[in-house]
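Me: I would like to go through a structure with you, contact by contact. Could you take my questions in turn?

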Amino acid sequence: MEKARLLKAIIETAIDGIITIDNRGRIESLNPAALRLFGYALEEVEGKNISVLMPEPDRSGHDGYISRYQTTGEKRIIGKGREVKGLRKDGSTFPFRLAVSEVQYDDRIIYTGFIHDLSREKEAEERLREYAAELEELVEERTKSLKKTVKALSEAKEEVSLSLEKEKELNQLKSRFVSMASHEFRTPLSSVQLSASLIDKYAEPYNNPSIRKHVSKIKNAVGNLTTILNDFLSLERLEAGRVEPTFTAFDLVKLAEEITEEMQMIAKQDQNIIYQHTGLQSMVLLDPNLLKNCMINLISNAIKYSGENTFIEFNTEINDQQCVVTIKDNGIGIPESDHKYLFQPFFRAHNTGNIPGTGLGLNIVHRYASLMRGDLYFESSIHTGTKFVLSFHK
């Protein structure tokens, strides 16, 4: 009796539904969980055919299932678990896993069905399928969008390539034109310069200040034009990649003294270039032509942007780590807002006014210094002056 009460308590408190039917399919019992699942009271279904708890097509075929098993012994449900649908009292259906066992009880056979409700699992699966479908749809849309973007990028890339090719051709044409025009200009300019010098020489006996004044103007104009042509030629060679440094050991002090003497010739009235060298060594391993161009460019700028009766400091230094060239003036200075653009080609500071120049010199100096694995930096204050420093590691 104790075991029977224990068994009854287990059945009545089970989470899953438990239903027993006789060999004709009539309901004998439902535990409380099964009654809650189907929404019936026990007296409403007791003795009725189990098919009342089934939707079609199982409702019509159930009696045939039992009859076929009892006749042939063929098991389609009994002893096997399967997913089926149940029919509630309110007409709604729900999925559940059914396990049916055959029980020999006293002198007869009954069948016991264990019902595990799958509603939540199926809802979760359905939500998962919906999410998956939404995700697939989203991926498909994004894929289409990505393909469209890739196609647009590909077309844009092709357009850019064509534009670059055209720009390259135009640059080559421009470079050839600049090179040809510069060379063609140099010959007549040399003739003008020579003629001006001869006029100056032949006019010496007359000691005419007006002749000297105008000859000087001609020489200055030719000098400015020659500088412009040299800048264009240097830029063209740099753009074409035809400038390769030739590292040679040479005497820096000797070169600097020659440049000082040469630049002093074109300095303004009472404008003095003061050269000073620091260090016991004088030999360096750099490209003398590129370095000379850099120093002449920087000193020429110092002369242009400083007034008369001023000093230009030109210093070189060689120590164990590096070689340093410094050119410092007391000129008009560079506005701070222009500092970041100063090494761009064709850029000129906003306070240069009518002072002639191409805006190429500092760009060329910067690129020559880089070719010699050196650095160029500057310090400048408006109305105070500018200091440029070239430094090269040894």
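Predicted model: local features only at pLDDT ≥ 70, side-chain atom pairs only at ≥ 80, totals over all residues.

Me: How many salt bridges does the structure hold?
Reply: The structure holds 10 salt bridges. One of them joins the side chains of Glu-28 and Arg-108, with 2.7 Å from N to O.

Me: Where do Glu-28 and Arg-108 lie in the chain?
Reply: Glu-28 is in strand E2 (residues 27-30) and Arg-108 is in strand E5 (residues 108-117). The two are 80 residues apart, and the pair links distant parts of the chain.

Me: And what is the relative accessibility of Glu-28?
Reply: Glu-28 has 26% relative accessibility and therefore counts as partly exposed.

Me: Which residue forms a salt bridge with Glu-125?
Reply: Glu-125 pairs with Lys-122, and the closest N and O atoms are 3.6 Å apart. Both residues belong to helix H5; being 3 residues apart, they are separated by about one helical turn. Glu-125 is partly exposed at 35% relative accessible area, and Lys-122 counts as partly exposed at 25%.

Me: Which residues are linked with Lys-122 and Glu-125 in a network?
Reply: Glu-83 and Arg-97 are linked with Lys-122 and Glu-125 in a network of salt bridges.

Me: What about Asp-200; which residue does it form a salt bridge with?
Reply: Asp-200 forms a salt bridge with Lys-219, where the closest N and O atoms are 3.5 Å apart. Asp-200 lies in helix H5 and Lys-219 in helix H6 (residues 209-239), so this pair ties together parts that are 19 residues apart in sequence. Asp-200 counts as partly exposed at 23% relative accessibility, as does Lys-219 at 27%.

Me: Changing topic: how many aromatic pairs does the count come to?
Reply: The count comes to 7 aromatic pairs. Among them, Tyr-341 and Phe-347 form a tilted pair, 5.6 Å centre to centre with 45° between the planes.

Me: Is Phe-347 buried or exposed?
Reply: Phe-347 counts as buried, at 19% relative accessibility; the cut-off for that class is under 20%. Tyr-341, at 32%, counts as partly exposed.

Me: Which ring pairs with Phe-378?
Reply: Phe-378 pairs with Phe-388 in a tilted arrangement, 5.5 Å centre to centre and 35° between the planes. Phe-378 is in strand E11 (residues 374-381) and Phe-388 in strand E12 (residues 385-393), so the pair ties together parts 10 residues apart in sequence. Phe-378 counts as buried at 16% relative accessibility, and Phe-388 is buried at 7%.

Me: Which residues form an aromatic cluster?
Reply: Phe-38, Phe-94 and Phe-96 form one aromatic cluster.

Me: Last item: why does helix H1 lie largely in the open?
Reply: Of the 12 residues of H1, the number buried is 0, so the helix lies largely in the open.

Me: What span should H1 have at 1.5 Å a residue?
Reply: Helix H1 (residues 2-13) should span 16 Å. Its end C-alpha atoms are 17 Å apart, which agrees.

Definitions and conventions. Residues numbered from 1 in each chain as written. Heavy atoms only, no water. Helix = DSSP H or I, 4+ residues; strand = E, 2+ residues; numbered from the N terminus. Expected span 1.5 Å × (residues − 1). Buried < 20%, exposed > 50% of the residue type's maximum accessible area, 1.4 Å probe, protein only. Phe/Tyr/Trp six-rings, centres within 6.5 Å; stacked < 30°, edge-to-face > 60°. Salt bridge = Lys/Arg side-chain N within 4 Å of Asp/Glu carboxyl O.
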